[in-house]
Amino acid sequence: MLWSLIFLGLFLLGLFLTIVAIIKNAAKMYWLAGLVMYIVSFLGIWSIGLYLLVIPFVLWLLALAHSFGWVKKGWKNAPFVIIGIILWYVSITNIDDYWLFLPFVWLF
């Protein structure tokens, strides 16, 4: 029960940060939202974690794009979202879960 509440709370926080990042077009918010959603995907690893991992992939790719100044308008985010989804798919089909969640392995 406690882990479910932590999962839900972090998911809602990540969703809120994602919305703020989209509205403000701020790279730092994309990085933070990606980190929170990465933690959420780890907490859901036994059921939907790999499917939730698409969100950090997309958010971190958007963060890189905004950090380097490649995106000036909102509609230019679309190619980076598509590339993030493709990278996620290639990663979950070819890389073991151990490597995808390696920072958490070091913690435990």
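Colleague: Why is His66 called buried?

Modeller: Buried means under 20% relative accessible area, exposed over 50%, and partly exposed in between (1.4 Å probe, protein chains only). His66 has a relative accessibility of 12%, so His66 counts as buried. This is a predicted model, in which local features need pLDDT of at least 70 and side-chain atom pairs count only at pLDDT 80 or more, while totals for chains, interfaces and linings use all residues. Residues are numbered from 1 along each chain as its sequence is written, and side-chain values use heavy atoms, with hydrogens and water left out.

Colleague: Why is Leu50 called partly exposed?

Modeller: The relative accessible area of Leu50 is 21%, so Leu50 is partly exposed. Leu50 belongs to helix 3.

Colleague: What does Leu50 touch, not counting residues up to four places away in sequence?

Modeller: Leu50 touches Ile45, Trp88, Ile92, Asp97, Leu100 and Phe101, where contact means heavy atoms within 4.5 Å. One of these, Leu100, is 50 residues from Leu50 in sequence and 9.1 Å from Leu50 in space, C-alpha to C-alpha.

Colleague: What makes the pair His66 and Asn77 a polar contact?

Modeller: The side chains of His66 and Asn77 are joined at 3.2 Å. A polar contact is a pair of N or O atoms within 3.5 Å; within protein, one must be able to donate a hydrogen and the other to accept it, and residues adjacent in sequence count only if both atoms are side-chain atoms. Leaving aside neighbours within four places in sequence, His66 is also in contact with Asn25, Ala27, Tyr30 and Val71.

Colleague: Which elements cover the buried residues of helix 4?

Modeller: The cover includes helix 1, helix 2, helix 3 and helix 5 (78-94).

Colleague: How many residues in the lining of the largest pocket are nonpolar, polar or charged?

Modeller: The lining has 7 nonpolar residues, 1 polar and no charged. Ala, Val, Leu, Ile, Met, Phe, Trp, Tyr, Cys and Pro count as nonpolar, Asp, Glu, Lys and Arg as charged, and the others, Gly among them, as polar. A pocket is an open set of points on a 1 Å grid over the protein atoms alone, where a 1.4 Å probe fits, with protein on both sides within 12 Å along at least five of seven lines; lining residues have an atom within 4 Å of a point. The lining includes Trp3, Ser4 and Phe108.

Notes. Helices (H or I, at least four residues) and strands (E, at least two) are DSSP runs, numbered from the N terminus.
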